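Let's take a walk through this structure together, piece by piece. Have the sequence and the 3D view open as you read.

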Amino acid sequence: MRSARCGTRGVLRAAVLSLATCACNGPGADWVFHNGTVYTADAERRVVQAVAVDEGRIVYAGNDADVEPFLGLETRRIDLHGHLLLPSFTDAHVHMLEGGVSLDACDLSKERNAEAILAAIARYAATHPDAKWIAGSGWSLAAFPDANPRKEELDRIVEGRPVYLIAGDGHSAWVNSRALAAAAIDRDTPDPPRGRIERDTASGEPSGTLRETAMEPVQALAFDVGPLDALRGLRRAVASANQFGITSFVEARSTTSEYDWAYRLLDLAGMLHARVTLSLWLDPARGDEQISEFASRRSHDFTRHVRAGAIKIFVDGVAESRTAYLLEPYEGGSDRGAPNFTPERLAAFATQLDRDGFQLHFHAIGDAAVKMAVDAVAAASERNGPRDARHQIAHLQLVDPADWPRFAALGVFADVQALWAFPDEYAMELDVPLLGRARTERMYPIGSLARAAAPLAAGSDWPVSSMNPLAAMQVAVTRSDPEKPGGARLGADEAVDLATMVDAYTIGGTRLMHQETETGSIEVGKSADLVVFDRDLFAIAPGEIAGAKALLTLFEGEIVYEAKR
């Protein structure tokens, strides 16, 4: 297959080809897909049967009969056999580099109880005798009393080496005694700002669980990632994304210029098969001097497919460790959690960053945190004047109904992680005791936001949870466990239809990234970023959506993933 070339030439060539009376007189288009269901995600949400691609661009989208002029001697003709062709997906919130680097670490995401988690750690330690640290992620907070595992459990199974294990939510870590000693954390170590060292109630000694910023000193020791590790991990992670049909994404937190370097170098080498927006991390402990640093990174750290124009702002933490910021107290007390900024400081940062042309990417879990984020955008808009900024708020576990219409009014994207919106052990064993049943049922109000016309995008937060967009779509449609279709539901009124989620993962995500004129829908002139599935998602039972598989992913008209036959 020929490499992608000038898109304008491809569109002009399409016009000539369309006038041809016999396709066999020329080479034809590079690709013709036909006899399928093609959901275009265009303004009319057309469903067509055929698509032609030439020189990396879509040159035709319509019925089977009219695609014939694009067939030629060199055309690769794909009979879809009724299968579904979609625009490829955009993951609006993913930790791609961090997740890629952790692929070789101890993966605990599939273990559901403490005994299985400990057994998996012991196996990993035994099979990695040369590892200086036993590092990993994915353990379930719900597997341990009060989401607070102890250091002694790790001390018993790993001798002589420090252990650092990030929880499945990414906001807690489990460490052993050697790891605490390596980071010089003891009973006299104060809790850091915006963090907490869990302690033994009798002795005051650290018990083995660290929350939020208290994780950082140990993490810096456990995950000492070199440049080659970063490149290798990023390349593997993007390849995994391509297997799910993802060819655009927002890197959710780029903490240092090393992140930018890895992306830039991979793209310059022609090995980054995706469009990327980097979200540069705003450190709550620092001041306005960061903004000039962001401006420098934005001007230098970009390539053809990479831009560093977004700023990641953690407004709060997570509910499971009582660090999410709520309008009403957690159950059984007066604690509402605490934000990482005062409202005034957050609004000041937002106003200055918005004035300088940055896109704001908020992490907000609690309803008070979401309100603070929306208020900050409103303050920026009032002071700077409205602009097409497309700021985003990710996670949205709880949202005050009064704030639902404000997303549309301010043009703020609701970046939903739909895979979390079912009654799993986090919801039922951790959230219900902390939030109460009524608030838990109101979590992840995707339907309410959609009905309020909020611009929707969708992300995975991988490696916190699976990157698979189809699993998230199934949960959004069913509000039940994707592995147990037809089971218990969480907030059934918040379900949405499949087209809403497909749009969020396609044209919605590319709008968020300011790239909707280039990709995100199947229209003549746009980049041929496409994915073929082994079945028509719109024609199967909702409980079967997650089981569909991508057969082929194209990025700019080139194959970046093809399933083994």
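A residue is called buried here if its relative accessible area is under 20%, exposed if over 50%, and partly exposed in between, using a 1.4 Å probe and protein chains only. Helices (H or I, at least four residues) and strands (E, at least two) are DSSP runs, numbered from the N terminus. Bear in mind that this is a predicted model: local features need pLDDT of at least 70, side-chain atom pairs count only at pLDDT 80 or more, and totals for chains, interfaces and linings use all residues. Residues are numbered from 1 along each chain as its sequence is written, and side-chain values use heavy atoms, with hydrogens and water left out.

Start with strand S16, residues 275-281. Seven of its seven residues are buried, so the rest of the structure largely encloses this strand. Both of its faces are covered: Arg275, Thr277, Ser279 and Trp281 sit on one side, with Val276, Leu278 and Leu280 on the other. S16 pairs with S15 in the parallel sense over five bridges; two strands count as paired if DSSP finds at least two bridges between them. In that pairing, Ser248 stands opposite Arg275.

Now for helix H16, residues 469-478. How many of its residues are buried? Ten of the ten are, which leaves H16 mostly covered. The cover over these buried residues includes strands S8 (89-94), S15 (246-254) and S22 (530-533), along with helix H17 (498-512). After H16 comes Arg479, with a positive phi near 55°.

Helix H17 is also where you'll find Leu498. Leu498 counts as buried because its relative accessibility is 9%. Leaving aside residues up to four places away in sequence, Leu498 touches Met473, Val477, Leu537, Phe538 and Ile545, where contact means heavy atoms within 4.5 Å.

Next, look at Thr303, in the loop between helix H9 (289-300) and strand S17 (306-314). Is Thr303 buried or exposed? Thr303 counts as buried, because its relative accessibility is 14%. Its side chain makes a polar contact with the side chain of Asp267, at 2.5 Å. (A polar contact is a pair of N or O atoms within 3.5 Å; within protein, one must be able to donate a hydrogen and the other to accept it, and residues adjacent in sequence count only if both atoms are side-chain atoms.)

On to another sheet. Six strands form an open sheet in the order S9-S10-S11-S12-S14-S13, with mixed pairing. Its edges are S9 (106-107) and S13 (195-199), each pairing on one side only. S9 runs parallel to S10 (residues 134-139), joined by two bridges, and Asp107 stands opposite Ser137 in S10.

Among the residues making the contact are Leu346 and Ala350 of H10, and Ala376 and Arg383 of H11.
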